[in-house]
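Good morning, and thank you for coming. I shall take you through one structure step by step, and I ask you to keep it in view as I speak.

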Amino acid sequence: MLKLAKVPRHDRVPSPIPDTQASMTRQEITNNNWEEALTFVALQRDRSAYAELFNYFAPRLKAFGMKMFGNEQQALEMVQDTMLNVWKKAALFDASRGCASTWIFTIARNVRFDMLRKKQSRKDDVSADDLWLNGEYPEQEADTDASQWDTQLLMDKLAPHFTSLPPAQREVMEKVYLQEKSHQEVSDELAIPLGTVKSRIRLALDRLREALDGARN
Amino acid sequence: MAHAIKFHPGMPLLEQHAEGTLSADVALAVAAHIDLCPHCQQLSRDITADLACQLAQQPVKTNTTDWQQMLHDIMAQPPLSKQAAATQAQLSAQPAESIIVNQREFVLPRALQRLAANHGKWLHLGGIATAKLPAGNDYHVSLLYISKDTEVPQHTHLGLEMTLVLAGKIVDENGEYKAGDLLINSPDDTHTPRTMADEDCLCLSVLSAPLKFKKGLTRLLNPLQQFFY
């Protein structure tokens, strides 16, 4: 942080652009709020907001391009193409899906990828649109699947210990956790008191917890 | 419970994919895996946000580039309206088309749909069929269909072999692979993949060099290795 504070913010000094000075109708975009800047560009074609975005990101994209291409001309071509997309497609930016920098980075990455392919004159094959989804994967589905994956992972870890539970406890656990039966159903089915079902579950969980802890050490 | 994907590309591949530095053919296999794998979708999102943050925070030297000219040129162009921009984005999104092999119909992951629409002719050999995808330069990218109860003869790899299971199930000496699982075999790995009696399998295969068959008579297949490549 100290180091950052000492660096003069030459990158954020608004440049004098005659035709945008006049349209400056609001205060300078507050500290690095690029999402806000993009929204101004999208809603009002706000030239000064865009100029601020440009002045900040263009030199950084160039540095990224230099690292990737090792060639200034191509790096600048990438910057121009990327920032043109930012200007033209600002309306597509959706702040709820991530920050402005992520959006700009993915545009630059895709522009760079397609530039490389074009240079190799491979028009018909893999394009950035194939490799990176333009937008979001369905969140709802992803969430349940991800948690299913976690459950699966846990089940994989638990499985060997599950089989070493005493048979009576295992039977109850299988009915409750794998067949998703209620404690009462299990009690009825096995003709054992409800309290016994609960205590067997507690004992089994204790054993499993112990087994997992043991595996961790 | 939905099948849980067990074989993932691993962090370095996901990072290079997010960065855009993988070769196109390898990236395609990783992208198709991500389409099928919510876990790697999340990781990719996180990695991308992290890379973007590094880009945004890197210090830059004062330089001599004439940025004002570029800025001026860009703003001279009209921005797209929301509808126009959205329409353009939709154009690149393909409707889900399925492919048919051995009278079976498969819907491919998003990453493969555009390329698979132009796949080469299916070549059949025993219970195995393969069709090239018009992708890649360093690697050969193809769809590989294996009928029920079929064994791919034991082979080693002269190069890197990536196999992404797209549908069905395949097993080899090391385990069992289902839709979304990504197997990566290096030149030293030897294996005998096969399908089970009740389930066929469709894979994406990315090869950097032909397969080499190992055992007895199957060595006779080596002249046919181009079939798999």
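In chain A of this predicted model, the end C-alpha atoms of residues 164-210 lie 12 Å apart. That span is 79% helix and 0% strand; helices (H or I, at least four residues) and strands (E, at least two) are DSSP runs, numbered from the N terminus. According to UniProt, in an unreviewed entry, the feature "domain: RNA polymerase sigma-70 region" covers residues 53-121 and 164-210 of chain A. UniProt positions are given here in the numbering used for this model, feature names are shortened, and annotations may be inferred rather than shown by experiment.

A word on conventions. Residues are numbered from 1 along each chain as its sequence is written, while chains are lettered from A and ligands numbered from 1 in the order in which they are written. Because the model is predicted, local features need pLDDT of at least 70 and side-chain atom pairs count only at pLDDT 80 or more, whereas totals for chains, interfaces and linings use all residues.

How confident is the predictor? The pLDDT, its confidence in each residue from 0 to 100, averages 77 in chain A, where 74% of the residues score at least 70. In chain B the average is 84, and 84% of the residues score at least 70. For the complex, the ipTM is 0.85 and the pTM is 0.72. Within chain A, confidence is lowest in helix H1 (residues 2-6), at a mean of 37, and highest in H5(A), at 95.

Let us stay with H5(A), residues 72-88. Its axis and that of helix H4(A), residues 47-69, come within 8 Å and cross at roughly 145 degrees. Axes are lines fitted to C-alpha atoms, for helices over the stretch in contact, and angles run from 0 to 180 degrees between N-to-C directions. Which residues of H4(A) meet H5(A)? Among them are A:Phe54, A:Leu61 and A:Phe69, and on the H5(A) side the residues include A:Leu76, A:Val79 and A:Trp87. Contact here requires that the C-beta atoms of two residues, placed from the backbone, lie within 7 Å.

We now turn to chain B and its strands. Two strands pair if DSSP finds at least two bridges between them. Strand E7(B), residues 161-172, pairs in the antiparallel sense with E8(B), residues 175-178, over four bridges. Two residues separate E7(B) and E8(B), which form a hairpin, and B:Ile170 has B:Tyr177 as its bridge partner in E8(B). E7(B) also pairs with E9(B), residues 182-185, antiparallel over four bridges, and there B:Leu164 stands opposite B:Leu182. Finally, seven bridges join E7(B) to the antiparallel strand E11(B), residues 201-207, with B:Met162 partnered by B:Val206.

E4(B) pairs in turn with E5(B), residues 140-146, antiparallel over five bridges.

Notes. pLDDT = per-residue confidence, 0-100.
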